[in-house]
Amino acid sequence: MSTANRHDQVKILETIDGLKIGKRRRRPTRLGLDKGYDSDPLRKALRQRGILPLAAYRKNRVPQPGAQAAHERKHKRYCRQRWKVKRSFAWINRFRRLDRFLERNQKSYRAFVRVLFIKHYLDRLF
């Protein structure tokens with residue numbers, strides 16, 4: 001946990017190391033990131049953990065020799081689907097109750113998310 005005025009890049013490795021599904025520690029095989037995470041030390045640390053970093057390069061980046069490996073270029077398609085996730089978060093943010101996490105437990109939050117998507121798709125149908 002960190003303060004809100006810290007960049008996410010500072011805690012990303014700690015977050016990845018702490019991922020658990022059930023009682024087992026898990027790590028992703030690929031990690032899609034935006035341009036804000038473009039740094040060689042972060043890419044190196046992710047590769048040491050066996051994670052393929054899929055982060056777009058900044059325009060003003062000074063290219064290192066052999067910086068973009070062939071396997072990274074091949075997996076660029078992985079990040080093309082990111083807009084679907086962003087769109088879904090935008091739908092959720094239209095509803096203040098879900099946007100501000102006002103629910104006390106996860107069960108009621110999930111129920112409201114389901115109601116949100118049912119309402120959204122019904123609005124699109126009619």
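In this predicted model, helix α4 (residues 82–93) and α6 have axes that come within 10 Å of each other and cross at roughly 100°. Angles of 65 to 115 degrees count as roughly perpendicular, so that is how α4 sits relative to α6. On the α4 side, the meeting residues are Ser 88, Trp 91 and Ile 92; their partners in α6 are Tyr 109, Leu 116, Phe 117, His 120, Tyr 121 and Arg 124. Sorted by class, this contact holds six nonpolar, two polar and one charged residues.

Now for a closer look at α6 itself. The helix covers residues 106–125, and its 20 residues should span 28 Å at 1.5 Å a residue; the end C-alpha atoms lie 29 Å apart, which agrees. Its buried residues are Tyr 109, Val 113, Leu 116 and His 120. Viewed down the axis of α6, these buried residues fall within an arc of 55°, so they line one face of the helix. The other side of α6 carries exposed residues. Here are the two groups together:

| Group in α6 | Residues |
|---|---|
| Buried | Tyr 109, Val 113, Leu 116, His 120 |
| Exposed, on the other side | Lys 107, Arg 114, Val 115, Ile 118, Leu 125 |

Finally, the whole protein chain. It has six helices and four strands, and from the N terminus on the elements run α-β-β-β-α-β-α-α-α-α. Of its 126 residues, 22% count as buried. Among contacts between residues at least 6 apart in sequence, 33% join residues at least 24 apart.

Notes
Residues are numbered from 1 along each chain as its sequence is written. This is a predicted model: local features need pLDDT of at least 70, side-chain atom pairs count only at pLDDT 80 or more; totals for chains, interfaces and linings use all residues. Side-chain values use heavy atoms; hydrogens and water are left out. Helices (H or I, at least four residues) and strands (E, at least two) are DSSP runs, numbered from the N terminus. The expected span of a helix is 1.5 Å times one less than its number of residues. Buried means under 20% relative accessible area, exposed over 50%, partly exposed in between (1.4 Å probe, protein chains only). The arc is that of the directions from the helix axis to the C-beta atoms. Axes are lines fitted to C-alpha atoms, for helices over the stretch in contact, and angles run from 0 to 180 degrees between N-to-C directions. Angles under 35 degrees count as roughly parallel, over 145 as roughly antiparallel, 65 to 115 as roughly perpendicular and the rest as oblique. Contact means heavy atoms within 4.5 Å. Ala, Val, Leu, Ile, Met, Phe, Trp, Tyr, Cys and Pro count as nonpolar, Asp, Glu, Lys and Arg as charged, and the others, Gly among them, as polar.
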